[in-house]
Amino acid sequence: MLERIREGSQSFAAKAVLVLIILTFALAGVGSYVTGGSDATVAEVNGEAITQPAYERAYENERNRLQEQFGDMFDAISSDPGYMRSVRAGVLNQLIEQELLLQYARDKGMRISADQVKAEIRQISAFRSAGQFDNDVYLMALRNAGYTPESFAKLMQDDLLRNQLIQALAGSEFALDSEVLALLRLQQQKRSGGYLIARNDDYRDDVELSESEINDYYQQNSSSFQAPERIQVAYVELSRADIVSSIEVSEEQVRDYYEQRIDQYRTEEERRVSHILVEHATENAEQKAEQALAELEAGTDFADVAQQYSDDTFSAELGGDLDWIEQGMMDAAFDEAAFALEAVGDTSAIVETTFGYHIIKLTDLRAGSVTPFDEVKDDVRAQLVEQQVEDQYFELQQQLAEVSFEQPDTLEPAADAIDEQVRRTDLFSRERAPTPLSDDVVLNTIFSQQLIDERLNSDIIETSDDRSLVVRVLEHEPAHTRALAEVREQIEQQLRTEKAQQMAMEQAQQWQQQWLDGSSELDQQVVWIDDIAMSNQQHPRGIVQNLYQIAPTGTEQPAMEAVALANGDAAVIALTAVTEGNAELGEQAQQIREQLTDRQAQVLLQAFIDTLKKDAEITRQEI
């Protein structure tokens with residue numbers, strides 16, 4: 001978690017995340033989601049609210065990140081409600097930690113200037129065109145996402161402020177030469193010794209179990225034998241994907257569709273313009289605009305006048321250039337004046353808009369055109385298919401809803417109405433739902449008490465992957481403790497394993513004593529180790545790890561321990577010699593120093609955040 005916060009606060013990553021947010025909402029056309037909608041809060045941190053929209057944005061970004069990380073495996077992973085609940089909880093915790101860091105930075109007087117914010121915004125690749133910051137692209141992206149320049153700058157400023165605090169904390173850490181050399185010596189160290197392994201499988205047949213032991217284990221661990229709530233359902237599924245495969249369209253239909261929507265394939269006239277803007281808020285704004293116009297009429301270069309007079313600082317630095325625009329992109333008055341200019345090089349009179357007073361210059365023209373049918377027919381076909389799929393899907397969805405409602409105690413008529421079949425499941429738990437039913441929305445409906453009690457058809461359930469379902473509960477099995485007879489074999493296996501491991505440990509301890517007593521009986525059984533490094537893979541990993549955890553005796557007497565291995569075996573391990581590494585402060589030492597510094601910084605940052613949490617007033621809502 002902390003590492004993600006730290007990485008997320010780096011300026012490059014921050015910009016990438018912010019761009020992702022912008023593009024996501026711009027493409028989805030849901031800018032109102034950012035600025036409108038519910039004001040519900042999911043948490044409060046020292047009185048400051050974390051809103052539901054902010055949480056949902058962060059969750060969607062995390063989900064997208066996981067989908068990119070896991071690829072095709074993501075569907076299977078996300079079908080586990082427990083895992084996705086932990087993801088949601090992790091996102092909320094991350095937002096809380098970010099808010100705590102922001103509040104602390106503000107309380108301590110840390111600040112980010114407007115110039116710093118401006119510089120960072122100009123570096124975001126999504127706002128660039130031909131390698132240069134494009135003010136028009138910037139404003140369009142913000143407008144589509146529902147941000148104003150002020151709200152976006154505030155978002156960026158908060159991110160940079162958190163980063164400033166984290167860098168200050170992490171940058172204070174360092175590793176001493178003695179620490180670096182100690183770790184280097186340990187990594188280069190070689191150890192010698194020997195070991196004997198008592199394998200638990202060799203003792204399983206010798207284990208005897210009594211009825212009372214089995215009963216006692218069952219009673220003491222009854223919570224481990226809980227059977228989850230299970231349910232059996234029948235369902236009818238309507239899928240857009242199935243409809244797509246049944247759609248056929250002719251070349252003639254595609255051409256007719258193209259002709260009917262020819263405007264979609266028409267490129268409107270584009271104009272490249274520059275402007276000088278004097279905002280209304282500027283003192284004597286109109287007079288200042290007239291002054292600028294007078295200088296232009298006197299022959300002063302437009303770019304020079306823009307740099308001197310324009311309040312649009314981004315475009316002013318580019319000589320007032322706004323790049324290419326189409327009709328409808330700008331304020332109505334600006335639009336009318338820009339497209340009234342007749343020739344490249346013409347300059348308008350003063351134009352008043354909601355932003356202020358503009359002087360507009362036409363710098364280039366692109367004539368409109370219509371893309372030929374042959375170049376876009378594949379796209380046209382896809383649009384036509386999509387429309388037919390949408391129409392059929394809606395019609396079939398309505399039929400499914402109506403018939404399943406009119407005959408609520410059976411799904412057969414509803415399935416016949418849409419030419420589908422009724423599917424039936426075996427009993428399943430929420431955590432082991434069949435893939436078609438693994439969507440959280442579907443599971444919440446299936447396991448609702450109303451559906452369980454009534455045993456009637458559900459309402460239409462729409463999933464995130466373009467499916468509609470109607471389900472009906474056939475059988476319900478409440479959560480319960482499994483009977484001893486059901487779990488007896490499991491208990492016997494567990495007890496047998498535990499006793500076999502105990503017997504293996506007792507054998508290892510017996511060998512240890514024999515070894516310490518100087519008995520020669522073990523000489524032929526011991527596996528000897530000679531001068532191995534910590535990374536050695538010729539011997540079992542558990543043996544090597546434990547060998548390096550044994551403290552030398554400092555005498556000729558070997559250090560010896562009987563240990564339990566991760567696989568359930570036991571071993572007696574003897575350390576007979578240690579060869580220290582010959583460490584120097586060279587290139588490898590620098591890598592070690594960076595690793596130690598980074599590790600110490602992570603510990604410091606986590607401790608710092610934990611302290612902020614301990615002292616804060618935090619309330620969370622159920623998510």
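The model is a predicted one: local features need pLDDT of at least 70, side-chain atom pairs count only at pLDDT 80 or more, and totals for chains, interfaces and linings use all residues. Residues are numbered from 1 along each chain as its sequence is written, and side-chain values use heavy atoms, with hydrogens and water left out.

**Nonpolar cores**

- A nonpolar core is a set of buried Ala, Val, Leu, Ile, Met, Phe, Trp, Tyr and Cys residues joined through side-chain atoms within 4.5 Å; buried means under 20% relative accessible area with a 1.4 Å probe, protein chains only.
- The largest core holds 45 residues, and Ile-121, Phe-127, Tyr-138 and Phe-152 have the most contacts inside it.
- Among the elements that each supply at least two residues of this core are strand 1 (41–45), helix 6 (81–107), helix 7 (114–123), helix 9 (149–170) and helix 24 (587–615). Helices (H or I, at least four residues) and strands (E, at least two) are DSSP runs, numbered from the N terminus.
- Helix 6 gives the most to this core, with ten residues.
- A second, separate core has 26 residues, including Val-254, Val-380, Tyr-393 and Leu-400.

**Helix 9 with helix 24**

- The axes of these two helices come within 9 Å and cross at roughly 125°. Axes are lines fitted to C-alpha atoms, for helices over the stretch in contact, and angles run from 0 to 180 degrees between N-to-C directions.
- Helix 9 and helix 24 are therefore oblique to each other; angles under 35 degrees count as roughly parallel, over 145 as roughly antiparallel, 65 to 115 as roughly perpendicular and the rest as oblique.
- Leu-165, Ile-166, Leu-169 and Ala-170 of helix 9 meet Ala-601, Leu-604, Leu-605 and Phe-608 of helix 24, where contact means heavy atoms within 4.5 Å.
- The contact residues of this pair are eight nonpolar, no polar and no charged. Ala, Val, Leu, Ile, Met, Phe, Trp, Tyr, Cys and Pro count as nonpolar, Asp, Glu, Lys and Arg as charged, and the others, Gly among them, as polar.

**Helix 11 with helix 22**

- Helix 11 (residues 211–220) and helix 22 (residues 484–516) have axes that come within 10 Å and cross at roughly 105°, which makes helix 11 roughly perpendicular to helix 22.
- Their contact residues divide into seven nonpolar, two polar and six charged.

**Helix 7 with helix 9**

- The axes of helix 7 and helix 9 come within 10 Å and cross at roughly 100°, so helix 7 is roughly perpendicular to helix 9.
- Gln-116, Val-117, Glu-120 and Ile-121 of helix 7 make the contact with Phe-152, Ala-153, Met-156, Gln-157 and Leu-160 of helix 9.

Key: Buried means under 20% relative accessible area, exposed over 50%, partly exposed in between (1.4 Å probe, protein chains only).
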